[in-house]
Amino acid sequence: MSMIGQYITVEDSVLQQIIHGDKDIYDIIFKPCINIEKSWDAIHYILCKDRFYGKAPMKYIVPKDNVIDCDLDYGASYITVEQVKEASDFLNSLDDNTLKEMYDFKALQRNKVYPLTDLDKEDDFYEYIYFYLMILKKYFAETAQQGKAIIFFIW
């Protein structure tokens, strides 16, 4: 089974209903979303230099805290409206040169960051991650402008 990272944009009121158990995440999980394929773990590692933890606002891009109580196989996390704005500002500060400085292929390999395999090449993997980071940059900017929250889950 693949572990595909997906983002859903939600109104803050809907997020609050899900957090408090008044609405089931399955009520929204199948609406249109942003799919970043298997890049989520590598993106988190590159931005946070850790597979599981990180500092704000980098940790908001691929959230692993703010966990939603649900029965999805790999769980779900949320990003508040304010956190979306902070993450968007951070993403807007990144350019190709900055990302290349942050990119450490050997560290990704050492830490067995998903979805990296022994067959991946350094430049090709960077392009793969860069592609999805640019999708996220645009997505977070649009979501911040709309004043909405995000739910992230792995499917």
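Predicted model: local features only at pLDDT ≥ 70, side-chain atom pairs only at ≥ 80, totals over all residues.
User: In which element does isoleucine 34 lie, and how is that decided?

Analyst: Isoleucine 34 lies in strand S2, residues 34–35. Residues are numbered from 1 along each chain as its sequence is written, and side-chain values use heavy atoms, with hydrogens and water left out.

User: Is isoleucine 34 called buried, exposed or partly exposed, and why?

Analyst: Isoleucine 34 has 25% relative accessibility. Buried means under 20% relative accessible area, exposed over 50%, and partly exposed in between (1.4 Å probe, protein chains only). The value therefore puts isoleucine 34 in the partly exposed class.

User: What does isoleucine 34 touch?

Analyst: Leaving out residues up to four places away in sequence, isoleucine 34 touches Gly5, Gln6, Tyr7, Ile135 and Tyr139. Contact means heavy atoms within 4.5 Å. Tyr139 is also one of the buried residues of H6.

User: How do you know whether H6 has the span expected of a helix?

Analyst: The expected span is 1.5 Å times one less than the number of residues. H6 (residues 122–146) has 25 residues and reaches 36 Å from its first C-alpha to its last, close to the 36 Å expected. Just after H6, glycine 147 takes a positive phi of about 70 degrees.

User: How does H3 come out of that test, and what do its buried residues pack against?

Analyst: H3 (residues 81–92) has 12 residues and reaches 17 Å, close to the 16 Å expected. Its buried residues include Val84, Ala87 and Leu91. The buried residues of H3 pack against H1, H2, S4, H4, H6 and S5.

User: What makes a space in this structure a cavity, and how many of 30 Å³ or more are found?

Analyst: Rolling a probe the size of a water molecule over the atoms shows where empty space is left. On a 1 Å grid over the protein atoms alone, a cavity is a set of points where a 1.4 Å probe fits but cannot get out, and a pocket is an open set with protein on both sides within 12 Å along at least five of seven lines; lining residues have an atom within 4 Å of a point. The search of the whole structure finds 1 cavity of 30 Å³ or more. The largest cavity has a volume of about 40 Å³, where grid points are joined across faces, edges and corners and a volume is the space filled by probe spheres set on the points.

User: How is the lining of the largest cavity classed?

Analyst: The lining consists of Ile46, Leu99, Tyr103, Tyr126, Ile129, Tyr130 and Leu133. Ala, Val, Leu, Ile, Met, Phe, Trp, Tyr, Cys and Pro count as nonpolar, Asp, Glu, Lys and Arg as charged, and the others, Gly among them, as polar. The lining therefore divides into 7 nonpolar, no polar and no charged residues. H6 gives the most to it, with 4 residues.

User: What lines the largest pocket?

Analyst: The largest pocket has a volume of about 170 Å³. Of its 13 lining residues, the closest to its centre are Pro63, Tyr74, Ser77, Phe152 and Ile154. By class, the lining has 10 nonpolar, 2 polar and 1 charged residues. S5 gives the most, with 3 residues.

User: Why is lysine 112 called exposed, and what is said of its phi?

Analyst: Lysine 112 is exposed because its relative accessible area of 66% lies over the cut-off. Its phi is positive, about 50 degrees, although lysine 112 is not a glycine. Lysine 112 sits in the loop between H5 and H6. Proline 115 is found in that loop too, and a cis peptide bond with omega of about 5 degrees joins tyrosine 114 to proline 115.

User: How do you know how compact the protein chain is?

Analyst: The protein chain has 6 helices and 5 strands. Its radius of gyration is 15 Å, close to the 15 Å that the globule rule gives for 155 residues, so the chain is as compact as a globular protein of that length. The radius is taken over C-alpha atoms, and the rule is 2.2 Å times the number of residues to the power 0.38.

Definitions and conventions:
Helix = DSSP H or I, 4+ residues; strand = E, 2+ residues; numbered from the N terminus.
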